[in-house]
Amino acid sequence: MTGLALTEPALLPERRAVAPQTVSAATRSQVQPVQGTRLRLEGISLAFGGIRALKDVSFDIREGEIRAVIGPNGAGKSSLVNVISGLYRADRGVITHGGESFAHVPPARLPGLGVARTFQNLALFPGLTVAQNIASGLVFRRKRGLFAQLLSLPKARAETRETEARIREIAGFLGLSEHLPRLVSTLPYGLQKQVELARALIAGPRLLLLDEPMAGLTGAEKTAMAAHIRAVRDRLGLSVILIEHDIGVVMGLSDRIVVLDHGEVIADGSPDEVRRDPEVIRAYLGQDAAGATSGAEAA
Ligand SMILES: Nc1ncnc2c1ncn2[C@@H]1O[C@H](COP(=O)(O)OP(=O)(O)OP(=O)(O)O)[C@@H](O)[C@H]1O
């Protein structure tokens, strides 16, 4: 884990109040992250014509928490991510970020609210380098316009130096330093997923929305990605929403899990609570499995 050390604490200044808590994966369950609510969803409903994708969905994400959202195919996970990130407008319900409540969060407001996301399918610029792709995550943050940069005005130059330092820091944090000058499309898929994570982190978000970060990864790449996600929480103090199909990863990584089925929350609790919940077993494995499981537990 030494490669994950933040070597330049002067950077990412907004993290310093919560960051320098080095917590190993082995002691993850002893972390005391509960310091208020980062995001709250209340009564979120969404329909596409006659299809009710989300029905009265409510849950919260605490500061410094890894919160997974799982459910069988068609359960409503992507719809929920798209509502949180403002791509869909819920028919009903309220989303509260910190102290601000919204019926619909305009996507352009998300960076200002401290929210960043990654996508289910890679959304990188294949013709750009790793460094340029990471820098693209700052597009909403740069204060000096293109004109000032082209003229190389002093403040624009200072901002460019700051951006380069941030890129180096995030790349070091995620073990990408040696790859910075390479075209991103020449990297193995697992590293490209890490570049996407780096791009999401560079603007210094408080809440990270990860849409299937393990999709398409090998076992070894999943292990690396899981370590990075844990480090993002433990070392940078971020809250993480994890939408993920790999249940093994979810159980090992999450503090709390929301389970959706047919657009409704059917369970919400710790990995152990969710794992044993008969409704969850039924949703994933069918009626017979739920009966067999409870029968076996009773025996
Ligand atoms: N743009 C859309 N137009 C019409 N129906 C949609 C749209 N997006 C989602 N749906 C429907 O809403 C329901 C929930 O879909 P959603 O994609 O949110 O589920 P999911 O849990 O992400 O599924 P998966 O795990 O297969 O990606 C499904 O019945 C789906 O067919």
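I take helices (H or I, at least four residues) and strands (E, at least two) as DSSP runs, numbered from the N terminus. Residues are numbered from 1 along each chain as its sequence is written. I am reading a predicted model, where local features need pLDDT of at least 70, side-chain atom pairs count only at pLDDT 80 or more, and totals for chains, interfaces and linings use all residues.

**Overview**

I looked up the protein chain and found ten helices and ten strands. I call a residue buried if 20 or more other C-beta atoms lie within 10 Å of its own, exposed if 12 or fewer, and partly exposed in between, with C-beta atoms placed from the backbone. Buried residues make up 37% of the 299 residues. Two residues are in contact if their C-beta atoms, placed from the backbone, lie within 7 Å. Of the contacts between residues at least 6 apart in sequence, 69% join residues at least 24 apart.

**Strand E3**

I went to E3, residues 66-70, and found five of its five residues buried. Ile66, Ala68 and Ile70 cover one side, and Arg67 and Val69 are buried on the other. For pairing, I require that DSSP finds at least two bridges between two strands. E3 runs parallel to E8 (residues 239-243), with four bridges. There, valine 69 stands opposite isoleucine 243. E3 also runs parallel to E9 (residues 256-261), again over four bridges. Alanine 68 has isoleucine 257 of E9 as its bridge partner.

**The open sheet**

I traced four strands in the order E2-E1-E4-E5, an open sheet with antiparallel pairing. E2 (51-62) and E5 (100-102) are the edges; each has a single partner strand, so one side of each lacks a neighbour in the sheet. Neighbouring strands here are turned by 15° against each other on average, direction ignored. My axes are lines fitted to C-alpha atoms, for helices over the stretch in contact, and angles run from 0 to 180 degrees between N-to-C directions. E4 (residues 92-97) pairs with E5 over three bridges. Isoleucine 95 has phenylalanine 102 in E5 as its bridge partner. Helix H1 (residues 77-84) lies across E1 (37-48), E2 and E4, at about 60° to E2.

**The ligand shell**

I listed the residues around the ligand, among them Phe48, Ile51, Asn73, Lys77 and Ser78. E2 and H1 each supply at least two shell residues. H1 gives the largest share, three residues. By class, I count four nonpolar, six polar and one charged. Here Ala, Val, Leu, Ile, Met, Phe, Trp, Tyr, Cys and Pro are nonpolar, Asp, Glu, Lys and Arg are charged, and the others, Gly among them, are polar.

**Helix H6**

I checked the length of H6 (residues 219-236). Its 18 residues should span 26 Å at 1.5 Å a residue, and its end C-alpha atoms are 25 Å apart, which agrees. The expected span is 1.5 Å times one less than the number of residues. Its buried residues include Met225, Ile229 and Leu236. They pack against E3, H5 (189-201), E7 (207-211), E8 and H7 (247-253). Just after H6, glycine 237 takes a positive phi of about 75°.

Which residue other than glycine has a phi near 55°? I found aspartate 56, in strand E2. Aspartate 56 has 14 C-beta neighbours inside 10 Å, so it counts as partly exposed. Histidine 262 has a positive phi of about 45°. Histidine 262 sits in the loop between E9 and E10 (264-269). With 15 C-beta neighbours inside 10 Å, histidine 262 is also partly exposed.

Conventions
Near = placed C-beta within 6 Å.
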